[in-house]
Amino acid sequence: METFDPAELPELLKLYYRRLFPYAQYYRWLNYGGVVKNYFQHREFSFTLKDDIYIRYQSFNNQSDLEKEMQKMNPYKIDIGAVYSHRPNQHNTVKLGAFQAQEKELVFDIDMTDYDDVRRCCSSADICSKCWTLMTMAIHIIDRALKEDFGFKHRLWVYSGRRGVHCWVCDESVRKLSSAVRSGIVEYLSLVKGGQDVKKKVHLSEKIHPFVRKSINIIERDFERYALVDQDILGNKESWDKILALVPETMHDKLQQNFQKDHNSLQRWEHLKKAISKYQSNNKNDKCGPWLEWEIMLQYCFPRLDVNVSKGINHLLKSPFSVHPKTGRISVPIDLQKVDQFDPFTVPTISSICHELDAISTNEDEKENGAESDIKRRTRDYKKTSLAPFVKVFEQFLENLDKSRKGELLKKSDLQKDF
């Protein structure tokens, strides 16, 4: 992957918004079949321009208006907000209190920085292949729950472009949910609780909920490789003291002795499991049951959600196909069938796809263009770049949305005929 030079960003963005951004698919998504009048027109967009100039409450009549404004403004970042009671660009003209957020996709934001207390390889905005496994586990755990526990069908997972992932749940019924219901969903999906000063952040009760049990099953698949080998969470005294703080004090002395004799995290973890098992058989009345080991695994591997992003209907979230101005990487949709193979370091940068486009001979380009429409030419352009497979993932998501919508319309018409 070629390096990205932020100084080139303004020129690259011009080319990207003119030739490569998938406007047709993007509009098709946010218009939701045009079933509800003014749905797209009442949607808030926000643009962050060069030098951190931030513009909220933008809205557009149609795809053409959106295209023109994006090509004119050249935004460094695009955020998507709620669908409001009135057009967002007219919010200042509406009577006080009348301008209200009414609908929005249920969204989740998972950011690697929230795992800084448990990852040893990187910190802050940095990521590497050793800690990316946390995002893979997060997608598996949250997506399984959204699909199986809640029955949500239309889930779009997107790489943020730097250090995390976003999820957009787009079912029609979900977009209408109140803040209180959204809060309840995110509460259900949250197990790691407490700030920097809280040592033990996961507390399981005697009755293990099926959601917790299924999450443990997912974590167990990668725990040894991720936590014990790649992160080496019991690699030295400083690391293992953090884990000992999560188990009863009566176990500490014996474990300290054993850990000093052991050669690696794998051996120390085996000793820890034996000690937990022995402790449980000797302390049957203690509230610390067989889930002590699971509490540690969950604290180190369970998804950490930004609650406020999910519960607020008017909260903005970075748009798919936006460009991250620091890394140059595109916020691309993630294929749920290939989550384990997704590698953030091979995601196309704006430099790489613009250079791929430039590599097409100008003469050949002119010959092919002829009287082609902008949409046809843009489709042909992005298909010649490494952005193509990610647009395809997005198109498949849109196909499923369309099928579902048509199915609902057929159901309604059948019911109306049922006298």
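## Strand pairing around S7

Asp111 has Gly164 of S7 as its opposite residue. The model is a predicted one, in which local features need pLDDT of at least 70 and side-chain atom pairs count only at pLDDT 80 or more, while totals for chains, interfaces and linings use all residues. Residues are numbered from 1 along each chain as its sequence is written, and side-chain values use heavy atoms, with hydrogens and water left out.

Strand S7 (residues 164-169) is joined to S5 by six bridges, and the two run antiparallel; strands here are DSSP runs of E with at least two residues, helices are runs of H or I with at least four residues, and both are numbered from the N terminus. The open sheet to which they belong has three strands in the order S5-S7-S6, with antiparallel pairing, where two strands pair if DSSP finds at least two bridges between them. Strand S5 (106-111) and strand S6 (155-159) are the edge strands, each pairing on one side only, and the twist from one strand to the next averages 15°.

## Helices H4 and H7

Helix H4 (residues 129-149) packs with helix H7 (residues 210-230) at an angle of about 170°, their axes being 10 Å apart; axes are lines fitted to C-alpha atoms, for helices over the stretch in contact, and angles run from 0 to 180 degrees between N-to-C directions. H4 and H7 are therefore roughly antiparallel to each other, a term for angles over 145 degrees, with under 35 counted as roughly parallel, 65 to 115 as roughly perpendicular and the rest as oblique.

Contact means heavy atoms within 4.5 Å, and among the residues of H4 that meet H7 are Leu134, Met137 and Ile141, with Ile218, Ile219 and Tyr226 included on the H7 side. The contact of H4 with H7 divides into nine nonpolar, three polar and nine charged residues, where Ala, Val, Leu, Ile, Met, Phe, Trp, Tyr, Cys and Pro count as nonpolar, Asp, Glu, Lys and Arg as charged, and the others, Gly among them, as polar.

## Helices H9 and H10

For helix H9 (residues 252-261) and helix H10 (residues 265-282), the packing angle is about 155° and the axes lie 9 Å apart, so H9 and H10 are also roughly antiparallel to each other. Leu255, Asn258 and Phe259 of H9 make the contact with Arg268, His271, Leu272 and Ala275 of H10, a set with four nonpolar, two polar and one charged residues.
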